[in-house]
Amino acid sequence: MAVDFRFIIIGRGMMGAAAARHLSLMADGIALIGPPEPGERKTHHGVFASHYDEARITRTFDGNRAWGSFAARALGRYRAIEAQSGISFFSEVGCLFAGPPPKDEQDFLRRALTVSRTLGSDIEIVAPAELARRFSYLKVSPDFSGYFERNRAGHINPRALVRAQARLAEQGGVSLIEATATSVRDAGSHVEVTAGDRSYNAERVLVAAGAFSNFHALLPRPVELRVMARTVAFYEIGEREMAVFGDMPSTIVLGDRDKDHIYILPPVRYPDGKTYLKLGGDTETVSFNRLEDAGAWFRSDGSAAERDHLSRIALQLMPELAGCPVTSAPCLANFTPTGYPYVGFTQLPRVAVLTGGNFVAAKSSDELGRLGAVLLKDGQLGDEDFGRELTPVFV
């Protein structure tokens with residue numbers, strides 16, 4: 001039978017919108033299916049996305065060559081996407097890592113310096129005394145050094161980036177369908193996607209539904225994916241605090257264990273007109289296996305216990321925040337057992353999957369979307385795109 005589209009991408013988040021833009025440069029007959037951000041988060045009973053925010057750290061400094069490469073490739077296209085779409089989303093304020101002396105060659109900081117040299121990234125090592133002087137907003141142990149990436153680093157507005165990707169995709173001929181896809185069925189000669197109150201047929205489908213990839217009948221078998229609760233804390237910043245924190249870069253403070261790392265976003269103005277400094281961590285252990293539970297989490301304000309934990313750390317690292325109003329919000333992180341995103345075909349030769357952000361993918365979303373587009377069009381990824389590492393694992 002005749003198909004409605006050659007390709008359908010399910011998921012209008014950071015990866016899905018990027019995949020649609022890139023695929024529009026390679027082919028025609030494309031649809032991008034996904035709902036808009038809900039107007040009232042606390043009364044919405046459907047799918048959500050974790051890009052409903054104003055700031056995500058972006059940097060190339062990474063201890064893993066694949067992740068560093070994804071970030072570097074995406075960063076190299078930010079300014080062109082801004083110029084072509086007319087939507088600004090990248091604040092090049094730099095990114096600072098602060099951490100204790102490396103223990104051995106496998107320490108994150110040593111690995112990251114090696115990867116940075118491979119990628120040609122310019123990382124300045126800041127001695128402990130100089131760290132305290134130059135980045136005086138931050139109070140860390142006196143033996144901590146800094147690793148500062150001044151150029152091609154800072155933070156992106158994920159909402160604005162998704163808007164930019166969708167605008168360029170639409171200009172490239174992509175049909176934007178504002179609906180929630182609830183099933184994908186292999187009909188032999190084509191794939192049938194049910195979204196909203198109707199169905200669409202395509203030659204191939206890419207499921208890029210993030211943490212919600214397993215929650216509807218979108219995949220023939222679920223992918224191995226841990227969907228984890230994450231809480232972020234927001235400090236409302238006034239004029240006094242802006243004098244201290246206004247020029248700070250994005251910041252990551254390393255702990256003794258990976259889960260003790262803290263990330264800090266500089267002051268950013270939010271849609272409510274207020275300016276917030278945001279921070280988060282990676283210690284929460286609550287996971288979700290049902291759509292209902294993930295939805296209830298997104299309708300909450302996150303964990304009060306985690307908010308208080310983050311507040312204690314915030315005041316240790318940034319004492320000048322004392323007295324600022326503190327609020328919190330929920331987020332979801334999805335983790336794969338491989339530590340890499342999934343970009344590959346399912347058991348159905350016409351249905352592929354793109355997911356698995358592992359809590360670090362926002363900055364790399366444009367490149368991961370490109371890989372999804374290449375996979376959908378060409379049927380495979382090469383070694384230069386880390387194709388073997390990105391093979392999905394299914395339950």
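## Close-up views of a predicted model

**View 1. G255 sits in the loop between β14 (250-253) and β15 (262-269).** Strands here (E, at least two residues) and helices (H or I, at least four) are DSSP runs, numbered from the N terminus. With a relative accessibility of 23%, G255 counts as partly exposed; buried means under 20% relative accessible area, exposed over 50%, and partly exposed in between (1.4 Å probe, protein chains only). Setting aside neighbours within four places in sequence, G255 is in contact with D260 and H261, where contact means heavy atoms within 4.5 Å. From G255 to T114 the C-alpha distance is 20 Å, and the two are 141 residues apart in sequence.

A quick note before the next view: this is a predicted model, in which local features need pLDDT of at least 70 and side-chain atom pairs count only at pLDDT 80 or more, while totals for chains, interfaces and linings use all residues. Residues are numbered from 1 along each chain as its sequence is written, and side-chain values use heavy atoms, with hydrogens and water left out.

**View 2. Helices α2 and α10 cross at roughly 100°.** Their axes come within 7 Å; axes are lines fitted to C-alpha atoms, for helices over the stretch in contact, and angles run from 0 to 180 degrees between N-to-C directions. From α2 come W67, F70, R73 and A74, which meet D366, E367, L368, R370 and L371 of α10. The residues of this contact divide into five nonpolar, no polar and four charged. Here Ala, Val, Leu, Ile, Met, Phe, Trp, Tyr, Cys and Pro count as nonpolar, Asp, Glu, Lys and Arg as charged, and the others, Gly among them, as polar.

**View 3. E367 and R73 meet in a salt bridge, 2.9 Å from N to O.** This pair links distant parts of the chain, with E367 in helix α10 (residues 365-378) and R73 in helix α2 (residues 65-75), 294 residues apart. A salt bridge is a side-chain nitrogen of Lys or Arg within 4 Å of a carboxyl oxygen of Asp or Glu. E367 is buried, at 0% relative accessible area, whereas R73 is partly exposed at 27%.

**View 4. R388 and D383 form another salt bridge, with their closest N and O atoms 3.2 Å apart.** R388 is exposed, with a relative accessible area of 64%, and D383 is exposed too, at 53%. Elsewhere, salt bridges that share partners join R21, R73, R77, D366, E367, R370 and D385 into one network.

**View 5. D28 pairs with R6 through a salt bridge of 3.6 Å, N to O.** D28 lies in the loop between α1 (14-24) and β2 (30-33), and R6 in strand β1 (residues 5-10), 22 residues apart. D28 is exposed at 52%; R6 is partly exposed at 33%. Across the whole structure, a search finds 31 salt bridges.

**View 6. The largest nonpolar core has 47 residues.** Such a core is a set of buried Ala, Val, Leu, Ile, Met, Phe, Trp, Tyr and Cys residues joined through side-chain atoms within 4.5 Å. I9, F70, F89, L368 and L390 touch the most other members. Beyond its neighbours within four places in sequence, L368 is in contact with M15, W67, F70, P341, L354 and A361. A second, separate core of 39 residues includes A49, A211, F288 and Y342.
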